[in-house]
Amino acid sequence: MRTVILVLLIPALLFLGGCDSAREINDMAIVSGAAFDWDAEQETYRVTAEVVNREAEPGSQASPLVIDGEGKTPEEAMANLDFKTSRKILWSHARVLILSKETAKAGIAPFVEMVMADNSLRLSTELLIADMDSAEKVWEITTDATEMIGFDLDDMIHEARESGGVPSLRAYHAKMLLETAGQPVIPMIGMDERENAVITGAAILQGDKMVGSLSREEAEALCR
């Protein structure tokens, strides 16, 4: 079903922006999600973004391509992605923003503010924490629905949220919690022994910084 939706989605993008600003779909790199790693020594952010591989055969299942960029701020890192592809990067379909644990410990506020200020990003972007050595490794996860990991992770979190399985945190909700001294809780994503995507628990924040975590069972109890 996800594959059918994606196949239908791509042609529809041809009509975005009106006649004067319409771009051929082959000139666009459609982003499913982005992952950020913080280098404390260099004081830089590294972003890796999963985009639809436009070299795939027409009508075939979309395949992913990962591009990367670095910068002193999340915005600068994202802007530097432009130099890694000849295609116009389209962020409006990105569903997940994944942070490494070190990045979350440094603070999620820069990412929340970036989403709120950038009209090309969804306010409903799902925030996730990578429960692995780096956020970049999330693109090595295996998912069952499609080959686009960003879309599949969003679907997995949505299904878990609907069943009361885990708490979730979208960008606009994170903004509200940070402004009202709330305590955000963010789902943590990892992989099992077969490298399949799994929800491993949830990260606990104090202010905008990660200070601890809950197991999957504890995260589920929080939702009851």
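User: How many bridges join strand 5 to strand 6?
Analyst: This is a predicted model, in which local features need pLDDT of at least 70, side-chain atom pairs count only at pLDDT 80 or more, and totals for chains, interfaces and linings use all residues. Residues are numbered from 1 along each chain as its sequence is written, and side-chain values use heavy atoms, without hydrogens and water. Strands (E, at least two residues) are DSSP runs numbered from the N terminus, as are helices (H or I, at least four), and two strands pair if DSSP finds at least two bridges between them. Strand 5 (residues 96–100) runs parallel to strand 6, and the bridges joining them number five.

User: Which residue of strand 7 is the bridge partner of I129?
Analyst: Strand 6 also pairs with strand 7 (residues 185–191), in the parallel sense and over two bridges. In strand 7, the partner of I129 is M188.

User: Is strand 6 largely enclosed or open, and why?
Analyst: Buried means under 20% relative accessible area, exposed over 50% and partly exposed in between (1.4 Å probe, protein chains only). In a regular strand, side chains alternate between the two faces of the sheet. E126, L128 and A130 point one way and L127 and I129 the other, all of them buried. Because five of the five residues of strand 6 (residues 126–130) are buried, the strand is largely enclosed by the rest of the structure.

User: Which residue of strand 6 is the bridge partner of V96?
Analyst: Strand 5 runs parallel to strand 6. The partner of V96 in strand 6 is E126.
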